[in-house]
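The sequence and structure are shown first.

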Amino acid sequence: MAEFLTDIQGIWEIVRFPLGALMCLAGALLCLVGTVGVLRFPDIYTRLHAASITDTSGAALVLIGMMLLSPGWLIVAKLFAICVFLFLTSPAASHALANAAHTAGVQPIIGRVGSSDADGEDA
Amino acid sequence: MAYFLGLVIALVAFWLGMSGHNTPLILSLGGVSVALTCILAYRLDIIDREGSPYVRLFGFLAYFPWLAKEIVKANVTVIRACLKADLDIAPALVKVKTICKSDLAKVTFANSITLTPGTVTVEIEGDKLLVHGLYEQDAQPEAFAEMDQRSARAIDGKGAAA
Amino acid sequence: MIAAALIAILIGMALLMLRAFIGPTLYDRILAVNSFGTKTVLALGLLGFVMKRPEFLDIAITYALINFVSTIAILKFFRYRSFQVPLVRRGSGGNADG
């Protein structure tokens, strides 16, 4: 039993570095996708949706990847603190932004947005 | 008193997790900062059910995996919308009525909506939420009913989700 | 591979600066800056791992805190044109439990 556990640990020590790096890369690419969404979408409310990709899945994947790469438990604790903090504050910030825009009278675009008038509002 | 103890335990755990040093000087500095934070929180009068909601932690821990699954599902939709060659979205504003009673449950529900990509809570007025959705068909009031029930059960306790 | 992730995040930050410059309304700019801050936190963590110095994570934590507070503060300033206004909930009678 003990040997089996040592085997598992050895395999894990080898596997976790490529796995963590892969998750970091995937999360970073998701951040890039969110940025592309922020640049493409037509108004502030839809851009918020694109930005929340960065805040949730992108950040979570990068942080979990860094947890797998980390040399000690202290680093894992710090990364976990960052993760909890981002998950608590990013919806609050998004809601504050949306509420401020709504209170200031920024009208959202309602209804289907086709490809023809996609960039009619900005740029 | 229980809330105060919960705050102290959380602060000590946070300090130990951040610092990682065990010399007496650093530990005493940590004790001083924990005491100072407690005094400040007491003076701000925020040591109550909202200020340290650790009692609801277990209900929330049961709620979180379901929320994570929803977040992943919604992420796929929004990523597809971002990467599609032609922009094909149908934004909509909908009013959602919640069954959550306490403020904390409402905050949990609204934060869950905002945390899910594709929907953002724009305004809260009483028990009505104004939600902006990226797709009209995904942002119907019925789509939020399960999230509503689950967050009410997680925070308000078993009896609330009638 | 971590370096590639770092580069991807840096490209994302550069593109967000574009949105911050051309953003038609004020809120677009604030959104870009907020998202930029989140990416900065991730980039700082990855930079620490690339340089084998995980102490960078402390800076990342601090930056996450400052980012949230500054977003809220900027929004409050542009809503009330002052930092001196107390934030009171509408219709609250002081009963925090609701």
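Predicted model: local features only at pLDDT ≥ 70, side-chain atom pairs only at ≥ 80, totals over all residues.

A:Cys31 takes part in no disulfide, and the nearest cysteine sulfur to its own, that of A:Cys24, lies 11 Å away. A:Cys31 is also buried, with a relative accessible area of 0%.

For B:Cys82, the closest cysteine sulfur is that of A:Cys31, at 12 Å, which is too far for a bond, since a disulfide requires two sulfur atoms within 2.5 Å. B:Cys82 is likewise buried, at a relative accessible area of 1%.

## Strand pairing in chain B

Strand 2 of chain B (residues 119–125) has 5 of its 7 residues buried, so this strand is largely enclosed by the rest of the structure. Strand 2 runs antiparallel to strand 3 of chain B (residues 128–133), and 6 bridges join the two. In this pairing, B:Val120 has B:His132 in strand 3 as its bridge partner.

The two strands form a hairpin with 2 residues between them, and B:Gly126 in the turn has a positive phi of about 65°.

## Helix packing in chain C

Two packed helices are described by the angle between their axes and the distance between the axes. In chain C, the axes of helix 1 (residues 2–22) and helix 2 (residues 26–50) come within 9 Å and cross at roughly 160°. The two helices are therefore roughly antiparallel to each other, and their crossing is left-handed.

The residues of helix 1 of chain C that meet helix 2 of chain C include C:Leu6, C:Ile9, C:Met13 and C:Leu16. On the helix 2 side, the contacting residues include C:Phe36, C:Leu42, C:Leu46 and C:Val50.

Definitions and conventions: Residues numbered from 1 in each chain as written. Chains lettered and ligands numbered in written order. Heavy atoms only, no water. Buried < 20%, exposed > 50% of the residue type's maximum accessible area, 1.4 Å probe, protein only. Helix = DSSP H or I, 4+ residues; strand = E, 2+ residues; numbered from the N terminus. Pairing = 2+ DSSP bridges. Axes fitted to C-alpha atoms, helices over the stretch in contact; angles between N-to-C directions. Parallel < 35°, antiparallel > 145°, perpendicular 65-115°, else oblique. Left-handed = near helix turned anticlockwise from the far one by under 90°. Contact = heavy atoms within 4.5 Å.
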